[in-house]
Amino acid sequence: MSSPVLSDRLRLVVLFGGVSAEHDVSCVTAAHVLAAADRSKYDLVPVGITKDGTWFRNDKAIAALSDPDVSLPDALEPAGTEVDPLSELLASPDGLPVVVLPLLHGPHGEDGTVQGMLELAGIPYVGAGVLGSAVCMDKALAKIVAAQAGIPQCRWIEYRVGASDHSTLVDRAVAELGFPMFVKPANLGSSVGISKAHDEAELIVAVELALRYDEVVVIEEGVVGREIEVAVLGNNEPETSIPGEVRPGAEFYDYEDKYINGAAALMIPAELPANEAERVRELAVQSFRALRCSGMARVDFFFEEGGRGWLLNEANTIPGFTPHSMYPKLWEATGLDYSSLIDRLVELARERHSLRAGFSTEH
């Protein structure tokens, strides 16, 4: 895969932090992206959002980017000059075209809220639009859409605050799913708030934990299968990476396994028969399209060998994006390095924006 050539220099606004339990992950990601982006192509502007929603332009990081003797920190802080969101995003003192790269994991960033603001302001941005972002962020709604599209999934149920008491929920979950089962907040990522329940007592505790983060909880059957992930890149004609496999170091691929102790093994490429590797790539594209994704997504599956085969787990529209994360590692193994991946995403953002800007407003 050849890297794209961008004909003109751009102002690339990197949004990070955010009002989310995944705030810290985003700050680490932003530092890596700024370090890898080609400074001859981009005027890089890091804009951080605190956990209380205040926006700051990180002037210290901007100064470091212009001085080859100064290194960026391992994680950025949403600190510096407080700014008005739209004024800062629209600003371009040198008259350069502006593209926004949201690295805001979780609610208030990955769920369509920021994307809606950027749409109203007419600013190109990397990744899925309002609808695709919102659908993929809500695991329950994403499962409903995927089922309508005929994409195979594990058994699951949804629980909403006030829908029933705990005893009724436990009875239903045991009857429909059986133990063990996984309990997740519907609108969160990075395995935050996820628990594995082995009995009724653990199920109640797991639901209460998930409800700390969201009003909707997804409860899934425990699937005994391999965890296979595919990176998808593109708009109307998406491309897929080779599949990779996650082998958790813990009982499941939890937050500590992903970001703290690094015990999980990432196997790239996944050891799969050629026909199964091709099948999961086809399902990744089918899922990407059904869930209205664009730009990028990491689509995760379970593989029940000798059982039901491929089962969609979820699609992430702003996947982990450090050089050690699965999404960029999959593309690197497929022939697209980290810096070129950033270029490609920016190109796709401009392509999608140009297409949408060309639609008629006449009747």
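Me: Two strands pair if DSSP finds at least two bridges between them. With that settled, which residue in E12 stands opposite Glu229?

Reply: Gly244 in E12 stands opposite Glu229. Strands here are DSSP runs (E, at least two residues), helices are runs of H or I with at least four, and both are numbered from the N terminus. This is a predicted model, in which local features need pLDDT of at least 70, side-chain atom pairs count only at pLDDT 80 or more, and totals for chains, interfaces and linings use all residues. Residues are numbered from 1 along each chain as its sequence is written, and side-chain values use heavy atoms, with hydrogens and water left out.

Me: How many bridges are there between E10 and E12, and in which sense do they pair?

Reply: Three, in the antiparallel sense. E12 covers residues 244-247.

Me: And which way do E10 and E14 run, with how many bridges?

Reply: They run antiparallel, joined by nine bridges. E14 spans residues 295-304. Glu227 faces Phe302 there.

Me: What about E11, how many bridges?

Reply: Two, again antiparallel, between E10 and residues 239-240. Leu233 has Glu239 as its bridge partner.

Me: Is E10 mostly covered or uncovered?

Reply: Mostly covered. Nine of its nine residues, 226-234, are buried (under 20% relative accessible area; exposed is over 50%, partly exposed in between, with a 1.4 Å probe and protein chains only).

Me: Which residues sit on each side of E10?

Reply: Arg226, Ile228, Val230, Val232 and Gly234 are on one side. Glu227, Glu229, Ala231 and Leu233 are on the other. In a regular strand the side chains alternate between the two faces of the sheet.

Me: Arg226 is buried at what relative accessibility?

Reply: At 16%. Its side chain meets Glu245 in a salt bridge, 2.7 Å from N to O. That term means a side-chain nitrogen of Lys or Arg within 4 Å of a carboxyl oxygen of Asp or Glu. Glu245 is in E12 and Arg226 in E10, so the pair ties together parts 19 residues apart in sequence. Glu245 counts as buried too, at 4%.

Me: Which side chain meets Glu220 in a salt bridge?

Reply: Lys184, at 3.1 Å from N to O. Glu220 belongs to E9 and Lys184 to E7, so this pair links parts 36 residues apart in sequence. Glu220 is buried at 2%, and Lys184 is buried at 6%.

Me: Which residue forms a salt bridge with Arg160?

Reply: Glu158, with the closest N and O atoms 2.7 Å apart. Arg160 is partly exposed at 44%, and Glu158 is partly exposed at 25%.

Me: How many salt bridges in the whole structure?

Reply: The search finds 22. Some form a network that links Arg11, Asp43, Arg57, Asp59 and Glu88.

Me: Switching topic. Which residues form the negative surface patch?

Reply: Asp165, Asp171, Asp199, Glu200 and Glu202. Patch members have over 30% relative accessible area and no salt bridge; like charges are joined within 9 Å, nonpolar side chains (Val, Leu, Ile, Met, Phe, Trp, Tyr) within 5 Å. Asp165 is partly exposed at 44%, in the loop between E6 (156-160) and H7 (166-176).

Me: What is the strand order in the open sheet?

Reply: E4-E3-E2-E1-E5, five strands with mixed pairing. E4 (81-82) and E5 (98-102) are the edge strands, each pairing on one side only. E1 (residues 10-17) and E5 are parallel, over five bridges. Leu12 has Val99 as its partner in E5.

Conventions:
Accessible areas come from the Shrake-Rupley method with a 1.4 Å probe; for residues, only the protein chains shown count as cover. Lys and Arg count as positive and Asp and Glu as negative; His and the chain ends are not counted. The place of a charge is taken as NZ of Lys, CZ of Arg, CG of Asp or CD of Glu.
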